[in-house]
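Look over the sequence and the model first, then read the points below.

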Protein chains: 2
Amino acid sequence: MVRRTVDVSRPVLERNESLADANRRRFRAAGLFVVNVLSSPGSGKTALLERTLADLSADLPCGVVVGDLATDNDARRLTAGGGRAVQITTGDVCHLDAAMVAQAVDRLGTEGLRVLFIENVGNLVCPGSYDLGEGARAVLLSVTEGEDKPLKYPAMFKSADVVIVTKTDIAGAVGYDRAAALANIQGVAPQAAVMELSARTGAGVSAWYDYLRTGSGARGPDDAR
Amino acid sequence: MVRRTVDVSRPVLERNESLADANRRRFRAAGLFVVNVLSSPGSGKTALLERTLADLSADLPCGVVVGDLATDNDARRLTAGGGRAVQITTGDVCHLDAAMVAQAVDRLGTEGLRVLFIENVGNLVCPGSYDLGEGARAVLLSVTEGEDKPLKYPAMFKSADVVIVTKTDIAGAVGYDRAAALANIQGVAPQAAVMELSARTGAGVSAWYDYLRTGSGARGPDDAR
């Protein structure tokens with residue numbers, strides 16, 4: 001079954017690759033740092049972006065394209081604080097693809113933005129196969145999910161530029177084993193920067209903001225790469 | 001994109017349906033109550049099954065077929081307490097299908113079992129489309145994931161026979177809004193029985209055990225249906 005499924009989806013993935021390349025050229029031309037934000041459902045993607053937009057937008061204007069199967073809850077949450085956000089509802093599709101993102105960016109507009117977040121459908125498997133033209137991938141793992149998730153969903157974590165451990169404020173309540181989680185992340189995704197933060201309390205968010213400023217070139221051309 | 005993706009997968013789903021029907025006949029002939037257990041990664045499927053096997057197996061022998069992309073961690077956790085479990089590793093496939101389950105049940109054997117759990121890949125989207133021949137679907141939602149998940153992943157919740165809210169022992173720590181969550185479950189999945197429990201403390205597990213005893217006919221033929 002494994003092999004057949006891969007064969008069926010290959011033409012879809014090839015078409016997606018060329019559309020992702022077009023997105024990438026467009027984002028580069030617009031001077032946008034684009035971050036594909038991925039995780040399980042409920043790991044805190046929207047909560048982190050709410051806080052990020054509130055804290056950063058004055059200095060580093062950010063927009064969001066957000067995907068869900070149904071509801072525009074997340075776009076409403078993100079725009080409630082004055083942020084720019086556009087919702088994609090995928091229906092029964094388990095991931096965003098480059099074409100969906102291109103259409104959403106047409107609606108959002110890129111004028112004035114420095115950072116664009118693409119909040120993917122909550123899913124640790126399928127969205128990993130779809131390049132959206134992003135400059136970086138951030139994979140979130142909440143302290144509630146179990147320390148072995150990088151081992152169980154290795155392809156997603158291997159594709160990450162940054163792994164963000166979220167909800168650290170409740171680590172004690174859930175019996176989170178920090179050493180085991182960090183060892184598993186390091187083992188599967190040695191290429192990734194690792195951050196630990198709580199969007200609720202703000203602990204640890206400054207490293208994430210530094211990452212975004214550097215990625216967007218807001219630190220100046222010398223250390224933008 | 002939505003329509004094409006559906007078209008591509010239709011032959012796969014049709015083939016799966018006929019294999020699922022064969023599984024269902026086999027399970028019925030073996031007198032097995034089969035429960036497909038579905039949720040996001042990290043909602044507590046394995047923890048609930050660990051406790052269930054420990055508490056019930058003497059009276060109601062249970063086996064588990066468990067799916068993950070990688071690792072046999074879950075089968076090892078489940079067999080550590082003396083349970084019968086077989087691991088399926090799917091590689092890059094985001095769901096279990098009926099053929100994978102049939103092969104795993106060949107390895108597990110059904111002699112002496114009354115209940116078979118199929119712990120699916122952690123994913124609130126794709127596994128919902130694949131009938132495995134189960135008698136019931138249990139969809140788990142942990143208190144940490146956000147009360148709007150039934151609205152965002154409606155197809156999965158609409159297919160549930162029972163929705164189980166897990167990790168209730170940390171509801172206070174994560175600011176869980178019980179009324180909102182239950183209203184969303186009821187709104188999307190009015191057909192489902194709803195249970196709230198903590199596999200860690202054991203609070204609420206008796207309703208789940210009653211459900212399994214009834215489903216398996218262990219309460220006698222009068223109230224088995």
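Buried means under 20% relative accessible area, exposed means over 50%, and partly exposed lies in between (1.4 Å probe, protein chains only). By that scale Glu196(B) is partly exposed, with a relative accessible area of 28%.

This is a predicted model: local features need pLDDT of at least 70, side-chain atom pairs count only at pLDDT 80 or more, and totals for chains, interfaces and linings use all residues. Residues are numbered from 1 along each chain as its sequence is written, chains are lettered from A and ligands numbered from 1 in the order in which they are written, and side-chain values use heavy atoms, with hydrogens and water left out.

**How the copies are related**

- Chain A superposes on chain B by a rotation of 180° with 0.0 Å of shift along its axis (RMSD 0.0 Å).
- The two copies are thus related as by a two-fold rotation axis.
- The superposition is by least squares on the C-alpha atoms of residues with pLDDT of at least 70 in both copies.
- Of the interface residues of chain A, 100% are also interface residues in chain B, so the copies meet through the same surface.

**The interface between chain A and chain B**

- Chain A puts 43 residues into the contact, and chain B puts in 43 residues. Contact means heavy atoms within 4.5 Å.
- The area buried between the chains is about 3500 Å², and carbon and sulfur atoms give 61% of that. Buried area is the accessible area (1.4 Å probe) that two parts lose on being put together, summed over both.
- Between chain A and chain B there are 11 residue pairs in polar contact (both at pLDDT 80 or more). A polar contact is a pair of N or O atoms within 3.5 Å; within protein, one must be able to donate a hydrogen and the other to accept it, and residues adjacent in sequence count only if both atoms are side-chain atoms.
- On chain A, the elements that give two or more residues to the side touching chain B are helix 1 (2–29), helix 3 (73–80), helix 4 (98–108), helix 5 (149–152) and helix 7 (171–174). Helices (H or I, at least four residues) and strands (E, at least two) are DSSP runs, numbered from the N terminus.
- Helix 1 of chain A gives the most to that side, with 6 residues.
- By class, the side of chain A that touches chain B has 22 nonpolar, 9 polar and 12 charged residues. Ala, Val, Leu, Ile, Met, Phe, Trp, Tyr, Cys and Pro count as nonpolar, Asp, Glu, Lys and Arg as charged, and the others, Gly among them, as polar.

**Salt bridges across the interface**

- There are 4 salt bridges between chain A and chain B. A salt bridge is a side-chain nitrogen of Lys or Arg within 4 Å of a carboxyl oxygen of Asp or Glu.
- Lys152(A) pairs with Asp74(B) at 2.7 Å, N to O. Lys152(A) lies in helix 5 of chain A and Asp74(B) in helix 3 (residues 73–80) of chain B, so the pair joins two chains.
- Both Lys152(A) and Asp74(B) are buried.
- Lys152(A) also forms a salt bridge with Asp68(B), the closest N and O atoms being 3.9 Å apart.
- A network of salt bridges links Asp68(A), Asp74(A), Asp148(B), Lys149(B) and Lys152(B).

**Salt bridges within a chain**

- Over all chains, the whole structure has 29 salt bridges.
- Arg178(B) meets Glu196(B) in a salt bridge of 2.6 Å, N to O. Arg178(B) is in helix 8 (residues 178–188) and Glu196(B) in strand 7 (residues 193–196) of chain B, so the pair ties together parts that are 18 residues apart in sequence.
- At 46% relative accessibility, Arg178(B) is partly exposed.
- Arg51(A) forms a salt bridge with Asp55(A), with the closest N and O atoms 3.3 Å apart. The two are 4 residues apart in helix 2 of chain A, and are separated by about one helical turn.

**Buried sites**

- Lys45(A) is in helix 2 (residues 45–56) of chain A. At 6% relative accessibility, Lys45(A) counts as buried.
- The side chains of Lys45(A) and Ser39(A) make a polar contact of 3.0 Å.
- Ile185(A) lies in helix 8 (residues 178–188) of chain A, and is buried, with a relative accessible area of 0%.
- Asp97(B) sits in the loop between strand 3 (84–89) and helix 4 (98–108) of chain B. The side chain of Asp97(B) reaches the backbone nitrogen of Met100(B) at 2.9 Å.
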